[in-house]
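Hello,

Here is the structure we talked about, for you to open and look through. My notes on what turned up follow below.

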Amino acid sequence: MVLSVLKGKTLTGARSRTSSRTLFVFLFGFLAGAAISNSLYFYVFEQRSLRSAIYAEDDIDDDIDELGLPHFLSETKVVDGSTITIEDGNVASAGSSSDHTHFSSDLNTNTSSDDISICWLMSYPNSGTSFTMRLARIDSNCTAATNYPLETAHDNNGSLITHASLDSVLSLYPTHNQKGQSPRPPFILHPHMNRPSKYILTKTHCAGPCIGCKPKRYRTNAAFFAKECQNSHSNHDHYEPQSMNAVKKVVHLVRDPMDNAVSNYHLELKKYKRKGEDEKLKIFTNDREGFRKFCKIQDAKYVKEEQKVFGEAKWNILKNVPCHALFFSYAQWHSHAYEITTENTGMSMFDAPVPRLNMFYEDYRNATYHDSKAKLFTFLELEDIQERAIFHQGKTYRDEFFTKEEITKIMKLIKFFAIGEVWDLLLQRYDY
């Protein structure tokens, strides 16, 4: 019938009109279905991309300002007949060259997984996560863990496997389902090291910030946040959510919000560089001017949507703050981190009170360093056997990148959107 119409063959009036209507309905339905299918595909792809971005684009370069190296970098050197493993510029282990030429495939099982409980390291990205993990691992000579499986996948030479399979990662609590092996977080970062006897420090960013997203995406609730704290943030459907029964303690890590925002801007620049987006790097330079341009563009992106989502009163607080979505996300993240781990909020994921340790990035500096380390090791019940981890202080950006008036507005924004307990926590350390 369609061919007849296209070739111009004569049909009766009634049949011609019927065929035309049928063709129109068919084509309309086909196009509509394709559009819906396409939209659904991109929605699913966007959701998966967002979840992977929390790991792939963020965690690898986490705290790059502090040490200049991704946390997983390692190399092996032979010195005076012995092989030493250098991880992040620090000596991690030493032994005979025959014993340590490669990462050991024989797992150290000095402690049974059943005897180890999880202590979450909950941190907004670029808050000192990598150094805190490194400090606990190197100075106790015990491995730490992560909720992100690709961070743990190394070959026999210690090189990172960027497309890891299930066989490349080691779960602390392996399980099985109908599909076979089904690892769940946390994943052991360094299987060749000892395991801690009581608590294993486990990295999770939960629902990290969604930079450049619409307000409906970056504005989340505590339930979604809590779910993301348990997830592996991997596209692999065999990974199961973390069992909350094993999480017994929480370390809540905080960094100055202004420094945190600029540090996350630097992380965006690293993404552009990795992706070869040179035009963006010409516009968004690694200085105050580039940061201001970035904020100006981000702030203008979704004005109408933000006005609608937040309402006039809240929008008036947001609109005059540079990179307002970043600072809203900061206040929201820390509030959710407190809400889901504290019994009296009504949103806790836990059946009983969970001991928590609040730590500040800035306390790793100078005179307060050893006190902070002692608090962390006591909380984790780790033995402090050496002092090899070295803290390289990141820059302070608040006075260079923001005016005094902007700092006041930023802190007022955080005070408005954060819960009272988080605001009180920030006031212990940060002026405005």
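This is a predicted model, and the protein chain has an average pLDDT of 75, with 65% of the residues scoring at least 70. Two stretches should be read with that in mind. Over residues 1–19 the pLDDT stays under 50, and the model has 7 contacts beyond four places in sequence for them. Residues 34–109 also stay under 50, with 167 such contacts in the model.

Next, the disulfides. A disulfide is a covalent bond between the sulfur atoms of two cysteines. Searching the whole structure gives 3 of them. If the bonded cysteines of the protein chain are numbered in sequence order, they pair as 1-4, 2-3, 5-6.

- Cys 206 and Cys 229 have their sulfur atoms 2.0 Å apart. The link is right-handed, with 105 degrees about the S-S bond. Cys 206 sits in the loop between β9 (199–204) and α6 (215–218), while Cys 229 belongs to helix α7 (residues 222–230), so the pair links distant parts of the chain, 23 residues apart. Both Cys 206 and Cys 229 are buried.
- Cys 210 is joined to Cys 213, with an S to S distance of 1.7 Å. This link is left-handed, at -50 degrees about the S-S bond. Cys 210 has a relative accessible area of 11% and is therefore buried; Cys 213, at 17%, is buried as well.
- Cys 295 and Cys 323 have sulfur atoms 2.1 Å apart. The torsion about their S-S bond is about -100 degrees, so this disulfide is left-handed. The pair links distant parts of the chain, 28 residues apart: Cys 295 is in helix α10 (residues 288–301), and Cys 323 is in the loop between α11 (303–318) and α12. Cys 295 is buried at 3% relative accessible area, and Cys 323 is buried at 4%.

Two other cysteines to look up are Cys 119, buried at 0% relative accessibility, and Cys 142, buried with a relative accessible area of 13%.

Last, the nonpolar cores. The largest has 68 residues, and the members that touch the most others are Trp 120, Met 122, Phe 225, Phe 327, Phe 402 and Ile 414. Helix α12 (residues 324–339) gives the most to this core, 8 residues. Apart from it lies another core of 24 residues, including Phe 131, Ala 144, Leu 357 and Phe 391.

Which residues is Phe 225 in contact with, leaving aside its neighbours within four places in sequence? They are Met 122, Cys 206, Ala 207, Trp 333, His 336, Ala 337 and Ile 340. Cys 206 in that list is the cysteine that forms a disulfide with Cys 229.

Regards

Key
Residues numbered from 1 in each chain as written. Predicted model: local features only at pLDDT ≥ 70, side-chain atom pairs only at ≥ 80, totals over all residues. Heavy atoms only, no water. Core = buried A, V, L, I, M, F, W, Y, C linked by side-chain atoms within 4.5 Å. Buried < 20%, exposed > 50% of the residue type's maximum accessible area, 1.4 Å probe, protein only. Helix = DSSP H or I, 4+ residues; strand = E, 2+ residues; numbered from the N terminus. Contact = heavy atoms within 4.5 Å. pLDDT = per-residue confidence, 0-100. Disulfide = S-S within 2.5 Å.
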